[in-house]
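Walk through this structure with me.

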Amino acid sequence: MSGRAQLMWDEAVTGYDFGPSHPMDPVRLELTRRLVGAFGLDRELAVVAAKPAGESTLKLVHREDYIDAVKAASADPAGADGSYGLGTLDDPAFAGMHEVSALIAGQSVGAAEAVWRGDAEHAVNFAGGLHHAMPGGASGFCVYNDAALAIARLLELGAERVAYVDVDVHHGDGVQAAFWEDPRVLTISLHEHPGTLFPGTGWPQETGAGAGEGAAVNVALPAGTGDAGWLRAFHAVVPELLAGFRPQVLVSQHGADTHFEDPLAHLAVSLDAQRAVQLACHELAHAHADGKWVALGGGGYAVVDVVPRSWTHLVGIVAGRPVAPETEIPEGWRQDVFARTRQLGPRRMTDGRWPVEYGDWEAGYDPADRLDQAVLATRRAAFPLRGLLP
């Protein structure tokens, strides 16, 4: 194994653009890439532009009729078929939609291939993590489910155990649906409670079906959960599951929309806690997956202040050169931000909460605490199905 990490990047992914009033502004990708460059992180890993996912690859997850509908909407946005979730407020159709969605998917598939074949130990595609897309429809700003496609490609290449850890504020419903009955894939999602946030799924009782019973794990966090609770829940669930499953590859999704500044959700997590979970995923990949780690982006709609910093931390960790939280942000990048957005960019790579502390689950829990109740519900529903004590 070369050991060198890969950053999957093609400037054309910024064409994933639902329009000027849509929350998923592609400037978040552009600013992240520029911040990565401002810190010189792109010199610490190989920057690779993979080819778009072809139809045979897309069919590993998506139905042929849906792919055809995306192509048709891409060629004629005004004629998009709403029955496939296209041309809606969440997923407006736009010219070139198929091509750029397939390109983003191709970066995640390429990352998975590089890690599986040993061309890289870690690979990151922060343009990816579009985890809501279903086999037969677009959903939640997601057209093709690059995360599910990367996992499906790993299975096609011979992987027998792939773990997927999703810490986006929204439930990773599309990835869970793709592998609902597949025991080879363990999906773990920590997200805001489905009673208060889209997509309304991800209850702890959702544990998979058939041969895949016990292969889906969901932690439904109370609205308002902050750093200590978020990290407590992650460490109370994820490490033990991965230790038992022994994945050959870890795929993680790092949506930045858990942040307290995010306009579309209700958790209260800081940039520093997001960085802590990124570091934890890196450590868990080495502890349980022989270092094989594919890291993806996801949601995140505070597009200047939060997303570029969070994903630059992720790239630094993947590259083996973590950016210290107290690091000052280069002034040139802040000038780029103002020129591009007329907003003032952040000055440091921290929210001032590092190091983030949390109470370890093994030290005991409070059955009257809402966060601990959420963790208990998950452990009781899913852990026995995996041969673990709740």
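Proline 355 sits in the loop between H10 and helix H11 (370-382). Helices (H or I, at least four residues) and strands (E, at least two) are DSSP runs, numbered from the N terminus. The model is predicted: local features need pLDDT of at least 70, side-chain atom pairs count only at pLDDT 80 or more, and totals for chains, interfaces and linings use all residues. Residues are numbered from 1 along each chain as its sequence is written, and side-chain values use heavy atoms, with hydrogens and water left out.

Tryptophan 354 and proline 355 are joined by a cis peptide bond, with omega about -5°. Another cis peptide bond links phenylalanine 198 to proline 199, at an omega of about 5°. Proline 199 belongs to the loop between strand E5 (185-192) and strand E6 (216-221). Phenylalanine 141 is not a glycine, yet its phi is positive, about 75°. Its loop runs between strand E3 (122-125) and H5. Most residues other than glycine have a negative phi, and most peptide bonds are trans.

Now the helices. H1 (residues 27-38) and H10 (residues 331-341) have axes that come within 10 Å and cross at roughly 160°. Axes are lines fitted to C-alpha atoms, for helices over the stretch in contact, and angles run from 0 to 180 degrees between N-to-C directions. H1 and H10 are therefore roughly antiparallel (an angle over 145 degrees). Val27, Glu30, Leu31, Arg34, Leu35 and Ala38 of H1 contact (heavy atoms within 4.5 Å) Trp333, Asp336, Val337, Arg340 and Thr341 of H10. This contact of H1 with H10 has six nonpolar, one polar and four charged residues. Here Ala, Val, Leu, Ile, Met, Phe, Trp, Tyr, Cys and Pro count as nonpolar, Asp, Glu, Lys and Arg as charged, and the others, Gly among them, as polar.

H4 (residues 97-117) and H5 (residues 146-156) pack at about 35°, their axes 8 Å apart. On the H4 side, the contact includes Ile104 and Trp116; on the H5 side, Leu149 and Arg153 are among the residues.

Technical notes
Parallel < 35°, antiparallel > 145°, perpendicular 65-115°, else oblique.
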